[in-house]
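This briefing sets out selected features of one protein model.

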Amino acid sequence: CNLHLPGSTCVFCRKNDDCPNKYGEKKTKEKWNLTVHYYCLLMSSGIWQRGKEEEGVYGFLIEDIRKEVNRASKLKCCVCKKNGASIGCVAPRCKRSYHFPCGLQRECIFQFTGNFASFCWDHRPVQIITSNNYRESLPCTICLEFIEPIPSYNVLRSPCCKNAWFHRDCLQVQAINAGVFFFRCTICNNSDIFQKEMLRMGIHIPEKDASWELEENAYQELLQHYERCDVRRCRCKEGRDYNAPDSKWEIKRCHCCGSSGTHLACSSLRSWEQNWECLECRGIIYNSGEFQKAKKHVLPNSNNVGITDCLLEESSPKLPRQSPGSQSKDLLRQGSKFRRNVSTLLIELGFQIKKKTKRLYINKANIWNSALDAFRNRNFNPSYAIEVAYVIENDNFGSEHPGSKQEFLSLLMQHLENSSLFEGSLSKNLSLNSQALKENLYYEAGKMLAISLVHGGPSPGFFSKTLFNCLVYGPENTQPILDDVSDFDVAQIIIRINTATTVADLKSIINECYNYLELIGCLRLITTLSDKYMLVKDILGYHVIQRVHTPFESFKQGLKTLGVLEKIQAYPEAFCSILCHKPESLSAKILSELFTVHTLPDVKALGFWNSYLQAVEDGKSTTTMEDILIFATGCSSIPPAGFKPTPSIECLHVDFPVGNKCNNCLAIPITNTYKEFQENMDFTIRNTLRLEKEESSHYIGH
């Protein structure tokens, strides 16, 4: 901790230490000659955050701070015996007061959640361990130093893993570095139950992104795969650095450390799927004596809370108080450091995709059922690379032809948007479809969305803000709006209740709708006109959230495929842009920059191409920018993760353009005049897309 001049002492604890890990950020307001530690201010018993984050000190108004200092000046600290003890134990009948540093010294517990309660050393919460079978010391799973596995102030146990023990100081440092989005059990990776217990035991988990996420180019090294054969006797004539995929000279990395490799042939591996460990990792594994395969940990779900209970519960006046510089998650996400490009996030998720390829046989005229069959196949693995083959139903010859993965995913997302699993016009919520529930289709829909995002397909862009907020913050923290109600009759009831002008009118409406309100459990005693607002809130909560609780949980589980949901929850601002909003409109400039020229260009043809793009943008053509992109790639928009391979242009001596969707390649004709060029482009693109649409229109949306 750094020591500052005496004039910069905290008005509460009278210490001039600057130690953010222990006392929180130290803030000085020279205008009011005031210095304060954040935790001293946060835990003081008689002050609330009444201002906005930028007002006063972290939203605590200056006049309130002065009043609290004055109140505390009359209270003596039971530890150091000096005045200014602003923090009191919340246990009934306990009269102890203390300064924050003194409380730390005597091992008090401060809870950085809820009402920000503090407990003295006699009344602090403890971890109850029913039986202790640990006779010897166990390592702290963070620093690996051995500790006695007995719960105490300085030693804590994970609530979800019985063999995970920690030093309190190690946990606190990890919580500050990881932040609320990444702080979790070191053994089973659970965050919900783990964080609740650590907050109860006085660990401060700041509302910020992890420190490693804020570093520039923090993941740059992940873009580089280790490709070298390290076995003692390499048999490859081309050398140790030679790597030939799908052959015996493909390099396989150590599945433990990933920083050593071998050619398949050099280690007598029969296939790429076989695991291989380098000598160092093999020694560690066998010396540890742990030969059994580790069991998968089942992550417990958090307790479900009724929407009505949450809506009626009064929020704590200290609830908005969070870590320095952030009043809420929304404010935090506005910081430029927190923002991360969604394409980068999806590329990171894409590191999970293995080189092994799984071929999906897809009938374009029955995209939904063929996709379901493919994804439900016992041999399908979402982390395998996807290859698409189009087949024709009832084709006796069994013919198939290569298909575009991005086109397939694009068609699948279109079908999903128009399916009966969702309701609403533009911004959609989950519907209640009993048949879909029986067939587990909500789970499959979430899984399909996750696969599309990670494998380079389009984003849905049709989520309502309410559905998105439920996924990120939980249904219990989300309040629906009237626009979320697609049922006309229910919307009319809500509108009538909302526009009632007298208590008599309100009661009359309730009597008319008595059976419906009783059925959904929203009947309530009406005494004043303002009761209508809570009634409307209850109806919205039931219709939009409670009613579809089971579909939502199933959909959420599907979205966890390949870690997509976790990434969405960690970076809501980035993902909101692609889940709740359609992609930006294509322009001539965007398309011109998107397509690269891979062959020796025909200058005249390229000039015609650029002129054609401008004509399309100006409305002088029968095609659209989206038509051109679909013709060449199968997608009507640029996927969030980008195209792979990059779209390219070829200039060929052909009469009409040719779109190769498998390679995202567009061959444009070399013509004598621009008029001929435009006519050929318009005719081919328009008619090709019309024929494709007719082939699949009888199924899309059914």
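In this predicted model, a search of the whole structure finds 1 cavity of 30 Å³ or more. The volume of the largest cavity is about 100 Å³, whereas the second largest pocket holds about 1,700 Å³ of space. The protein chain has 702 residues, of which 47% count as buried.

**The largest cavity**

- The lining of the largest cavity consists of Asn429, Leu430, Thr466, Leu467, Cys470, Pro475, Val544, Ile545, Val548, His549 and Phe552.
- Two or more residues of this lining come from each of β19 (429-430), α15 (465-473), α19 (531-545) and α20 (549-559).
- Among these elements, α15 provides the largest share of the lining, with 3 residues.
- By class, 8 residues of the lining of the largest cavity are nonpolar and 3 are polar, while no charged residue takes part.

**The second largest pocket**

- A total of 49 residues line the second largest pocket, and Gly350, Ile353, Lys354, Lys355 and Ala385 are those that lie nearest its centre.
- The elements giving two or more residues to this lining are β13 (251-253), α10 (342-349), β15 (354-362), β16 (384-391), β17 (400-403) and α12 (405-417).
- The element that gives the most to the lining of the second largest pocket is β16, with 5 residues.
- The lining of the second largest pocket comprises 21 nonpolar, 16 polar and 12 charged residues.
- Domain 3 (342-582) and domain 4 (588-698) each supply at least three residues to the lining of the second largest pocket.

**Helix α10**

- Helix α10, one of the elements that contribute to the lining of the second largest pocket, is mostly covered, with 6 of its 8 residues buried.
- The buried residues of α10 are Val342, Ser343, Leu345, Leu346, Glu348 and Leu349.
- Among the elements that cover these buried residues are α14 (441-454), α21 (564-570) and α22 (572-579).

**The annotated position Cys662**

- An unreviewed UniProt entry lists Cys662 under "active site".
- Cys662 is located in the loop between β22 (658-660) and β23 (665-669).
- Because its relative accessible area is 33%, Cys662 counts as partly exposed.
- Beyond its neighbours within four places in sequence, Cys662 has contacts with Pro402, Gly403, Ser404 and Pro645.
- Pro645 belongs to the loop between α25 (625-633) and β21 (648-652).

**Residues with positive phi**

- Asn664 is a residue other than glycine, yet its phi is positive, near 55°.
- Asn664 is in the loop between β22 and β23, and the annotated Cys662 is also placed between β22 and β23.
- Asn664 counts as buried because its relative accessibility is 1%.
- Ser268 is not a glycine either, and its phi is positive at about 55°.
- The position of Ser268 is in the loop between β14 (261-263) and α7 (279-288).
- With a relative accessible area of 54%, Ser268 is exposed, whereas Asn664 is buried.

- Glu238 is part of the loop between α6 (192-200) and β13.
- Glu238 is exposed, since its relative accessible area is 58%.
- Glu238 and Trp249 are 11 residues apart along the chain, and 9.4 Å separates their C-alpha atoms.
- Strand β13, which ends this loop, is one of the elements that give two or more residues to the lining of the second largest pocket.

**The chain as a whole**

- The protein chain contains 26 helices and 23 strands.
- Of the contacts in the protein chain between residues at least 6 apart in sequence, 61% join residues at least 24 apart.

Definitions and conventions
Residues are numbered from 1 along each chain as its sequence is written. This is a predicted model: local features need pLDDT of at least 70, side-chain atom pairs count only at pLDDT 80 or more; totals for chains, interfaces and linings use all residues. Side-chain values use heavy atoms; hydrogens and water are left out. On a 1 Å grid over the protein atoms alone, a cavity is a set of points where a 1.4 Å probe fits but cannot get out, and a pocket is an open set with protein on both sides within 12 Å along at least five of seven lines; lining residues have an atom within 4 Å of a point. Grid points are joined across faces, edges and corners, and a volume is the space filled by probe spheres set on the points. Helices (H or I, at least four residues) and strands (E, at least two) are DSSP runs, numbered from the N terminus. Ala, Val, Leu, Ile, Met, Phe, Trp, Tyr, Cys and Pro count as nonpolar, Asp, Glu, Lys and Arg as charged, and the others, Gly among them, as polar. Domain bounds come from an automatic or database domain assignment. UniProt positions are given in the numbering used here, feature names are shortened, and annotations may be inferred rather than shown by experiment. Buried means under 20% relative accessible area, exposed over 50%, partly exposed in between (1.4 Å probe, protein chains only). Contact means heavy atoms within 4.5 Å.
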